[in-house]
Amino acid sequence: MTDLTLTKKDFTSDQEVKWCPGCGDYSILSTVQSFLPELGLPRENIVFISGIGCSSRFPYYLETFGIHSIHGRAPTLATGLAISRPDLTVFVITGDGDALSIGGNHLIHALRRNVNLKILLFNNRIYGLTKGQYSPTSETGKVTKSTPAGSLDTPFNPISLALGAEATFVARSIDSDRKHLTDTLRAASLHKGSALIEIYQNCPIFNDDAYQIVKDADTKGSATLQLVHGEPIKSQTHGVIFVNGAMKVVPLDSVQESEIVVHNANTLDPSYAFALSRLSGSELVHVPIGVFRDVERAEYGGLVNNQIAEAIASQGAGDLAKLLSSGDTWEVK
Amino acid sequence: MSKTVVSLHQVTIRFAGDSGDGMQLTGDRFTMDTASLGNDLSTLPNFPAEIRAPQGTLAGVSSFQLHFADHHVQTPGDAPDVLVAMNPAALKANIKDLPRGATIIVDSDEFTTRNLTKVGYETNPLEDGSLDSYKVHGIPLTSMTVTALSELTLSRKEAERSKNMFALGLLTWMYHRPTESTENFLNAKFAKKPEVLAANLLAFKTGWNYGETTEDFSVSYEIAPTKMAPGKYRNISGNVAMAYGLIAASKQSELKLFLGSYPITPASDILHELSKHKKFGVITFQAEDEIAAVGSALGAAYGGALGVTTTSGPGLALKAEMIGLAVMLELPLIIIDVQRGGPSTGLPTKTEQADLLQAMYGRNGESPCVVLAPATPKDCFNIAMEAARIATTYRVPVFILSDGYIANGSEPWKIPEQADLPDLRVEFARTQENFLPYARNPETLARPWAVPGTKGIEHRIGGVEKADKTGAISYDPANHDFMVRTRAAKVAGVSVPDLEVDDPTGDAKVLLLGWGSTFGPIAAAVEALRENGESVAQAHLKYINPFPKNLGDVLAKYDRVVVPEMNLGQLAILLRSQYMKDITGYNQVRGLPFSTLEIIEATMAVLND
């Protein structure tokens, strides 16, 4: 790609990693550190910005520029930086509480604007750092410290939410699936504009094995529907077909291969990807994994900087003396 | 018919009407014509928060006051000499401010039984003798405007809309103002609407001719130009001066200007103004909320831009946590709070100074920031550059506390030469071995401004407490104590000029000490008191945190210190706690600036105490 020959080690900072043993964040960190050299970018041009939560400690462990900011607000800092410094590659690291609860507003606006940010949303369906309260992605009825009688809230589906905000790149991956996560990071990096990757992440302390069904060698084959652009959408046992315009998951042996929907991540109409996102709820029976949507739309920072370039091209660069004495003036002798 | 011309030293005019009557525009135009004639002036727009309150009601009255003179002007004037009232509501809402003998010009067409009843007049004040102690001119402004425009193909309603230009034309004649600049303005504004342009020009001219020919007006007035220092002048409002100051700071610092803002009265005009100047490389970002506005500005500052956010009180409350992060990250950030009446939504379009303690202390933890306050509209230009100097030199958040009065008020401004503006260039951290993001400049205690894209200085910062020098996370008790004290010492050590005291006789026992927009009325009161033989000193604080180094000595010198504030004594709290000096507060929270008379009376009470 370039003459930069950086390795995983070059992206590993001197800070001791302090997540709980067995935390899914370790494997995500390792995968990201291994992936970064592939970008072919000098380290100083990469910035990781996080909010608050276990996952938000992430930037400390990477030998790039980084900000560990405040709860929910990482996309705001990242937006200001990405617009004013289009030369940088900006990642946002966030969790289900950070991105979808306290910071929900910023997430949807970053996505609708299509700011050039790669947003990694670590979804463990629980509040870890505050020791085990339910999160906006916890399944209804979740018994936690703050909900001894079971939670009452209907959970967010992060993919549906992002698509509702008309995000241009939306994907889902799994912490322990290094290859899939690397492929997904690669696709997100090639995308111009906002990219949201929901990463199913295990919290061994407060919500252990929440994703066991999609990770276990015995069950993952049938529980995950693989989204591969240009390939039929199916698991080992089921496939997705259209019935009266609606998507439906059916056993493979009940349909012809040709009836199975061939995935087109470039479909402009977001309702296609939205329908895919609705195939699984919190029960994780048929979970689509991969890139739901990858479409082109002008990137926000580029638009902002184009307006400035156009103003300079048509009016010339700003002249301060002229500006100050614009409008009605008069001379006192 | 020959008409008398009388020379006056000063006049205060108030234009009042329904919020749809175009009174702000009328006032603005009269102001520009007055400014270009060389009179010193000061203006006070006063309008309701509702965009269009029900027509003809007291709630919907909008006004614009202008004070101009042949000498230096400090305030928009306490009491109008002339009231232009476009309807009974405008008359009723403003009559209490008029001294006897004042001139009242009303649109008599609007004084119908229905309109009178709407505002509680049982009889018509134009006929019942209640206005006998005023000089009243009842003029059928609406019908005369409609008749004058009858040649044009406009509906009656459209024609009526030009009646404000009739009133402006009449006042322009009365006070010998030039007509060209208003004509040029209308030509530009309605270039694409020839019918509307013709209507406005004709109404303006008809109003002027009405004054010239009718016997109703036998006298017109001249106010000689004010003696001002030689140079080029323009009239400028506080919000525009602030925007220009930021652009100038961007030029002088060679930093990209980034404004993150969420619309809020009365600060939005800074966003509007800056968004017009893209050719200066200015980025204006209208964020999804107040938090994103300041967050984006801080993110841009991290990347090496001059990061600015603009807001008013309620918005500042939302930004508090992010400003705390800026304190921790030690990055330059400018926060402009155009204060309005509070708490909560309060009085969105009215002025107040009650955010001082919020700016000082409205964050968790020990979280000191620099606080500055402009004294007048034109002063906003210099304060913006000063804020940039301090923010970038010391890598701290700097507050500018403007207010609704300064933001919307205007005054003549001697346009500075670019060569006279300060050099604000900064130094970023360069590529180096073993970079320490929290090593400090021993003089300023500033840490390096280390922007992404600089090879070899990759580092991580955040809101968690930092270890000295390395910036790594640290929960060490001694380190936290050290860092808290260091951040405080850095702000306390910001270099600010000494406070100048105006005490011409040197024997005053009473000091009038103000901050922010109270400058005008205090200065006018001091002038009047001295003319009356009283001995008073005046000083005005533009630097509130840190205070000027000589402030303690200044306070100690006077027996009594009077602090007028549009709050319940917030500066007084700071002064008492820091200097153990007894302060006599003079406080009002009426949503309006002090009148000169109020400050004179308050000071007299202290002088006679």
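This is a predicted model: local features need pLDDT of at least 70, side-chain atom pairs count only at pLDDT 80 or more; totals for chains, interfaces and linings use all residues.

Me: Why are α17(B) and α20(B) called oblique to each other?

Reply: Helix α17 (residues 519-531) and helix α20 (residues 596-607) of chain B pack at an angle of about 60°. Angles under 35 degrees count as roughly parallel, over 145 as roughly antiparallel and 65 to 115 as roughly perpendicular, with the rest oblique. The pair is therefore oblique. The axes of α17(B) and α20(B) are 8 Å apart, and α17(B) passes α20(B) in a right-handed crossing.

Me: What makes the contact of α17(B) with α20(B), by class, nonpolar, polar or charged?

Reply: That contact has eight nonpolar, two polar and no charged residues. From α17(B) come B:Pro521, B:Ile522, B:Ala524, B:Ala525, B:Ala528 and B:Leu529, while α20(B) supplies B:Thr596, B:Ile599, B:Ile600 and B:Thr603.

Me: Why are α6(B) and α8(B) given the label oblique?

Reply: Helix α6 (residues 163-174) and helix α8 (residues 194-213) of chain B pack at about 40°, with their axes 6 Å apart. Roughly parallel needs an angle under 35 degrees, and roughly perpendicular begins at 65. So α6(B) and α8(B) are oblique to each other. The crossing of α6(B) past α8(B) is right-handed. Among the residues making the contact are B:Phe166, B:Leu170 and B:Trp173 of α6(B), together with B:Phe204, B:Trp208 and B:Tyr210 of α8(B). By class, this contact has eleven nonpolar, six polar and three charged residues.

Me: How do you know that the radius of gyration of chain B agrees with that of a compact globule?

Reply: For 609 residues, the globule rule gives a value near 25 Å, and chain B has 26 Å, so the two agree. Along its principal axes, the C-alpha trace of chain B spans about 85 × 60 × 45 Å. Chain B contains 20 helices and 23 strands.

Me: And what makes chain A agree with the globule value?

Reply: Chain A has 333 residues, for which a compact globule would be near 20 Å; its radius of gyration is 22 Å, which agrees. The C-alpha trace of chain A spans about 90 × 50 × 50 Å along its principal axes, and the chain has eleven helices and eleven strands.

Me: Why do β7(A) and β17(B) count as edges of their sheet?

Reply: The open sheet has nine strands in the order β7(A)-β10(A)-β5(A)-β6(A)-β4(A)-β3(A)-β1(A)-β2(A)-β17(B), with mixed pairing. β7 (224-227) of chain A and β17 of chain B each have a single partner strand, so one side of each lacks a neighbour in the sheet. The twist averages 20° from one strand to the next.

Me: How do you know that β2(A) and β17(B) pair across the two chains?

Reply: Pairing needs at least two bridges. Three bridges join β2(A) to β17 (residues 460-462) of chain B, and these strands run parallel. In this pairing, A:Gly66 stands opposite B:Arg460.

Me: How many residues of each chain are in contact across the interface?

Reply: 52 residues of chain A are in contact with 58 residues of chain B. On the chain A side, α2(A) gives the most, with eight residues. By class, that side has 23 nonpolar, 20 polar and nine charged residues.

Me: What makes β4(A) and β6(A) a pair?

Reply: Six bridges join β4 (residues 117-123) to β6 (residues 195-200) of chain A, where at least two are needed. These strands run parallel, and A:Lys118 stands opposite A:Ala195 in β6(A). Helix α6 (residues 178-190) of chain A packs on the sheet, and its direction makes about 165° with that of β5(A).

Me: Which strands are the edges of the six-stranded sheet in chain B?

Reply: That open sheet has the order β3-β4-β2-β5-β6-β7. Its edge strands are β3 (40-46) and β7 (135-139), each pairing on one side only. Seven bridges join β3(B) to β4 (residues 61-69) of chain B, and the two run antiparallel. B:Asn46 has B:Ser63 as its bridge partner in β4(B). Helix α1 (residues 23-36) of chain B lies across β2, β3 and β4 of chain B, running at about 10° to β4(B).

Definitions and conventions. Residues are numbered from 1 along each chain as its sequence is written. Chains are lettered from A and ligands numbered from 1 in the order in which they are written. Helices (H or I, at least four residues) and strands (E, at least two) are DSSP runs, numbered from the N terminus. Two residues are in contact if their C-beta atoms, placed from the backbone, lie within 7 Å. Axes are lines fitted to C-alpha atoms, for helices over the stretch in contact, and angles run from 0 to 180 degrees between N-to-C directions. Ala, Val, Leu, Ile, Met, Phe, Trp, Tyr, Cys and Pro count as nonpolar, Asp, Glu, Lys and Arg as charged, and the others, Gly among them, as polar. A crossing is left-handed if the near helix is turned anticlockwise from the far one by less than a right angle, and right-handed if clockwise. The radius of gyration is taken over C-alpha atoms; the globule rule is 2.2 Å times the number of residues to the power 0.38.
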